Amino acid sequence: MGMVLANLRGLRMAEILDFKEHLSTLLISGLFILLAARLDRHIPAPMLLAGLGVLLVAQFVARPLAVLVSTAGSTLAWRERALLAWIAPRGIVAVATAAVLGPALVAAGYPDAEQLLPIVFLVILVTVSAHGLTIGPLAKLLGLAARQENGLLVIGASPFTVALGQALKRLEIDVLLVDGAYHRLREARMAGIDVYYGEFLSERAEETLETQHLSYLLCATDNDFYNALVCKAQGRRFGHHRTFQLATHQEAIPEAKRMPLGQRGHFAFAPTADFETLYQRMDEGWTVQTVRLNERRDFGQVEQNLGILGRDWFLLAALTPKGEFRLYSDEQPFKPAEGWTLLVFSTPLPWEK
């Protein structure tokens, strides 16, 4: 069935994969309960010692040796090999195999085979518990843990998004700029911004693009409907509350004719911050700047100095005192306080002239 479904054209696989995952969880959970019900809770000491012996050999001899042989000649670093050598929790395949082979071996004249299932369950309990509790600390110790989600994925290279990326880079916030036109990424590459050349919705991008360390998605192309499509497609991965797009050009149209929120991302910055407006403001000399809020300059004073928010200036994002990145939207507003760092898009700040 898997081979047939994978080769059918025009088939939506997302719903099928979701159903398969839920079904697998139910079946595996039920199978574990059925197999565990066959165990005797009174395990003899010799059987327990045998199980510990099997566990030690499997974990510290068989697994490292298998990893060493299978990765010979590969580009994996020793840290990656060390993590692979330690992390190998056993599960349903091992216990199901033992449940089938154990009775068959006993029937074939090997009475000690009745110990096979309890020993395998012991190995499963220890490896799942030990590896589940240690994989995080060990990955951090070896420098292999994913970075904390605190950054921005931007779809669509333009003078504005490049300026935004440069400002985030100065604040040491992760940013990745994606575009399907190589020439549009030139300025971003020259500025040292991480870029990805290719179609973001392609299978290749889905398989190769690493976005686990990025917490927000901003679709900022000049195509409103493509922006909405990407936000809709990526809402589950990032969370719908963290998918944003530039305001559509139809915001002057009555509410009944606008694109509903369920079919798009949240409008970033302000309803007036569409692609043409941002592009025009860049031509007029607006820049992305940082403002640090303190005792002498709070958010109210910033508004007084810069004018009307959404017309005379745009609030793009902010960093909390703990360094947490937040993208701003009128649909998801936040109130910056003392110690926050703001990213604003405006003419040169009056107190820096």
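Two strands count as paired if DSSP finds at least two bridges between them. Helices (H or I, at least four residues) and strands (E, at least two) are DSSP runs, numbered from the N terminus.

## Basis of the model

This is a predicted model, in which local features need pLDDT of at least 70 and side-chain atom pairs count only at pLDDT 80 or more, while totals for chains, interfaces and linings use all residues. Residues are numbered from 1 along each chain as its sequence is written, and side-chain values use heavy atoms, with hydrogens and water left out.

## Strand β10 and its partners

Strand β7 (residues 287-292) is joined to β10 by six bridges, and the two run antiparallel. Thr287 has Ser346 as its bridge partner in β10. Strand β8 (residues 314-319) is also antiparallel to β10, with five bridges between them; here Leu315 stands opposite Val344 of β10.

Six of the six residues of β10 (residues 341-346) are buried, so the strand is largely enclosed by the rest of the structure. Buried means under 20% relative accessible area, exposed over 50%, and partly exposed in between (1.4 Å probe, protein chains only). In a regular strand the side chains alternate between the two faces of the sheet. Both faces of β10 are covered, with Thr341, Leu343 and Phe345 buried on one side and Leu342, Val344 and Ser346 buried on the other.

## Helices α3 and α4

The axes of helix α3 (residues 45-70) and helix α4 (residues 78-86) come within 8 Å and cross at roughly 135 degrees. This makes α3 oblique to α4. Axes are lines fitted to C-alpha atoms, for helices over the stretch in contact, and angles run from 0 to 180 degrees between N-to-C directions. Angles under 35 degrees count as roughly parallel, over 145 as roughly antiparallel, 65 to 115 as roughly perpendicular and the rest as oblique.

On the α3 side, the contact (heavy atoms within 4.5 Å) is made by Gln59, Phe60, Arg63, Pro64, Val67 and Leu68, and on the α4 side by Arg81, Leu84, Ala85 and Trp86.

## Helices α5 and α6

Helix α5 (residues 92-107) and helix α6 (residues 116-141) have axes that come within 9 Å and cross at roughly 170 degrees. The two helices are therefore roughly antiparallel to each other. Ala94, Val95, Ala98, Ala99, Leu101 and Gly102 of α5 make the contact with Leu116, Leu117, Val120, Phe121 and Ile124 of α6.

## Leu34

Leu34 lies in helix α2 (residues 13-36) and is exposed, with a relative accessible area of 58%.
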